[in-house]
Amino acid sequence: DGAGTDTSELLDDYEEGTWTPVLKDTSEGGTVVATTNVFALYTKIGRVCHFTLSITRNDTQSLTGILLVTGLPYTSAATSSITTGTFWLDNASSDFIGINYQPGGGTYLQLRDTAGVNDYVKTNEFENSRFLYLSGVYTTT
């Protein structure tokens with residue numbers, strides 16, 4: 001039937017690789033939170049970028065601002081803010097499960113705890129030596 005032989009049907013914009021996440025605290029002017037065990041992958045097909053992250057906090061600073069995950073592999077489209085995926089923050093006493101929230105036109109995301117109303121995960125809620133797992137998808141510029 002010739003499926004896939006027409007050049008307009010061929011996939012010509014595909015990329016996969018690793019990305020370098022940096023965790024920051026908003027209240028302290030973007031103080032970087034030390035991490036270990038970083039495993040961050042992405043796949044970009046056309047303008048759609050799929051990403052995953054597994055990371056461990058390696059930092060005992062008493063930071064209280066909103067936790068930002070920065071360094072996404074591509075800038076998101078400058079549309080309205082979007083929900084990009086889900087996360088699980090594995091804390092010793094109380095885990096957080098929620099959605100990734102990404103303001104349009106950026107390379108970072110915030111974590112929204114679905115148990116609260118408009119409740120973003122704060123840096124001090126990500127305990128030292130604990131894990132954060134997340135995945136998502138967004139449209140690039």
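Let me begin with Tyr133, which is partly exposed, with a relative accessible area of 31%, where buried means under 20% relative accessible area, exposed over 50% and partly exposed in between, with a 1.4 Å probe and protein chains only. This is a predicted model, so local features need pLDDT of at least 70 and side-chain atom pairs count only at pLDDT 80 or more, while totals for chains, interfaces and linings use all residues. Residues are numbered from 1 along each chain as its sequence is written, and side-chain values use heavy atoms, with hydrogens and water left out.

On the whole protein, the secondary structure comes to 0 helices and 10 strands, taken as DSSP runs numbered from the N terminus, with helices being H or I of at least four residues and strands E of at least two. Of the 141 residues, 37% count as buried.

Back to the aromatic rings. The structure holds 6 aromatic pairs, a pair being rings of Phe, Tyr and Trp (its six-membered ring) with centres within 6.5 Å, where planes under 30 degrees apart count as stacked, over 60 as edge-to-face and the rest as tilted. One of them is stacked, because the rings of Trp88 and Tyr133 have their centres 5.3 Å apart and their planes at 25 degrees. Since Trp88 lies in strand β7 (residues 82-90) and Tyr133 in strand β10, this pair ties together parts that are 45 residues apart in sequence. Trp88 itself counts as partly exposed, at 35% relative accessibility. Elsewhere, ring pairs link Trp19, Phe51 and Tyr138 into a cluster.

Strand β5 is joined by 9 bridges to β4 (residues 35-45), and the two run antiparallel; strands pair if DSSP finds at least two bridges between them. A further 9 bridges join β5 to β10 (residues 131-139), again antiparallel, with Thr52 standing opposite Ser135. In the β4-β5 hairpin, 2 residues lie between the strands, and Gly46 in the turn has a positive phi of about 60 degrees.

Lys44 stands opposite Cys49 in β5, and its charged end sits over the ring of Tyr74, 5.2 Å from the centre, the criterion being NZ of Lys or CZ of Arg within 6 Å of the ring centre and within 35 degrees of the ring normal. Likewise, the charged end of Arg112 sits over the ring of Tyr120, 4.8 Å from its centre.
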